[in-house]
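Dear colleague,

Please find below the structure that I am handing over to you. My notes on what was found in it follow directly after.

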Amino acid sequence: MKFIHLTDLHLVPPGGRLYGLDPSERLRAAIADITLHHRDADFVLVTGDLAHRGEVASYEALRAALDELPMPYHLLIGNHDHRERFRAAFPEAPVDANGFIQQVLETREGPFLLLDTNRPGTHAGWLCGDRLAWLYASLEACAEREIYIALHHPPLALGIPCMDVIALTQQKALADMVARHGKVRHMFLGHVHRPVHGTWNGVPFSTHRGLNHQVALSFEAVEGIPGTHEPPSYAVVTLNGGTTIVHVHDFLDDSPRFDLFDRRAESAASALDLLGRGRHGPPPTVN
Ligand SMILES: [Fe+2]
């Protein structure tokens, strides 16, 4: 099974810009790239921060954009989202008995538990008692099955202080439930706006750059959150009988492509390097 993992779209109303960039344009480019190269994907998963300020117009624009995808899509909300406005734009989105944007998504490779960690008034993640109860029951219902979990907020400190202070709050509660279940094969995360992969209590996880702005890699405690314009990416994930592969794709990259076994291209590329033009210079030309 193959699916696409997008995260942190941060849409603003059409025509607007955010940190000097156009989030809608980035989303359109991602959708065009996915449609061109990954039409065979089972679905697209978006792990939250769909709209930067949770405006109605942003969710309506999101819906119009995502409806262009040739495959289904499944959405989580993040700290920047507004639950009620999201639900108004996506009334068919599954919710739990308490109205949280949570569901057990059955796939060809097993269930995906999609969690809602939004708490109005804070950028930190939150799983209240009701959501933890839903999670407990859902894990019970999936006992003995290999499962996957997606949530916006990382349930661990990643070593980036400005983001660690707004990670998931109930980390131990989630860790205890995941350990008790024992067959969580991967966690798909958002929030960090950086490519980070690792394991948490033995469970692999991955998160990626957002589609608009990024967070600088800084292991120092700083005021605020340092942003960057590093390139956006999405992930192409394949799951096959317990094997998980996560490819990260910089979909706006337009650097030259050449045959690594072509000696003439090798010489041309080296010459470009020596000239200091770098890999983002014009394509190597060979005669
Ligand atoms: Fe975000």
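Is His193 buried or exposed? His193 counts as buried, because its relative accessibility is 4%. Please bear in mind throughout that this is a predicted model.

Asp49 and His193 link distant parts of the chain, being 144 residues apart. Asp49 lies in the loop between β2 (43–47) and α2 (56–66), and His193 in the loop between β7 (184–189) and β8 (196–200). Asp49 also counts as buried, because its relative accessibility is 2%; the cut-off for that term is under 20%.

The geometry of the site may interest you. For reference, the ideal angle for four tetrahedral donors is 109.5 degrees.

**The annotated region**

UniProt lists residues 1–195 under "domain: Calcineurin-like phosphoesterase", in an unreviewed entry. Over residues 1–195 the chain is 31% helix and 18% strand, and the end C-alpha atoms are 22 Å apart.

**The five-stranded sheet**

An open sheet of five strands shows mixed pairing and has the order β3-β2-β1-β12-β13. The edges are taken by β3 (73–76) and β13 (243–249); each has a single partner strand, so one side of each is left without a neighbour in the sheet. On average, neighbouring strands of this sheet are turned by 20 degrees against each other, direction ignored.

Within this sheet, strand β1 (residues 2–6) and strand β12 (residues 234–240) run antiparallel and are joined by four bridges. Phe3 has Val237 in β12 as its bridge partner. Helix α1 (residues 23–37) packs on the sheet, where it touches β1, β2, β12 and β13. The direction of α1 makes about 170 degrees with that of β1.

Strand β5 (residues 110–114) is mostly covered, with five of its five residues buried. On one pairing, β5 runs antiparallel to strand β4 (residues 103–107), and five bridges join the two. Leu105 has Phe112 in β5 as its bridge partner. β4 and β5 form a hairpin, with two residues between them. Strand β5 also pairs with strand β6 (residues 147–151); these two run parallel and are joined by three bridges. Here Leu114 has Ala150 in β6 as its bridge partner.

**Met177**

Met177 counts as buried, because its relative accessibility is 15%. Leaving aside residues up to four places away in sequence, Met177 touches Leu132, Leu135, Tyr136 and Leu139. The C-alpha atoms of Met177 and Val248 are separated by 29 Å, and the two residues are 71 residues apart along the chain.

With kind regards

Note on methods:
Residues are numbered from 1 along each chain as its sequence is written. This is a predicted model: local features need pLDDT of at least 70, side-chain atom pairs count only at pLDDT 80 or more; totals for chains, interfaces and linings use all residues. Side-chain values use heavy atoms; hydrogens and water are left out. UniProt positions are given in the numbering used here, feature names are shortened, and annotations may be inferred rather than shown by experiment. Buried means under 20% relative accessible area, exposed over 50%, partly exposed in between (1.4 Å probe, protein chains only). Two strands pair if DSSP finds at least two bridges between them. Axes are lines fitted to C-alpha atoms, for helices over the stretch in contact, and angles run from 0 to 180 degrees between N-to-C directions. Contact means heavy atoms within 4.5 Å.
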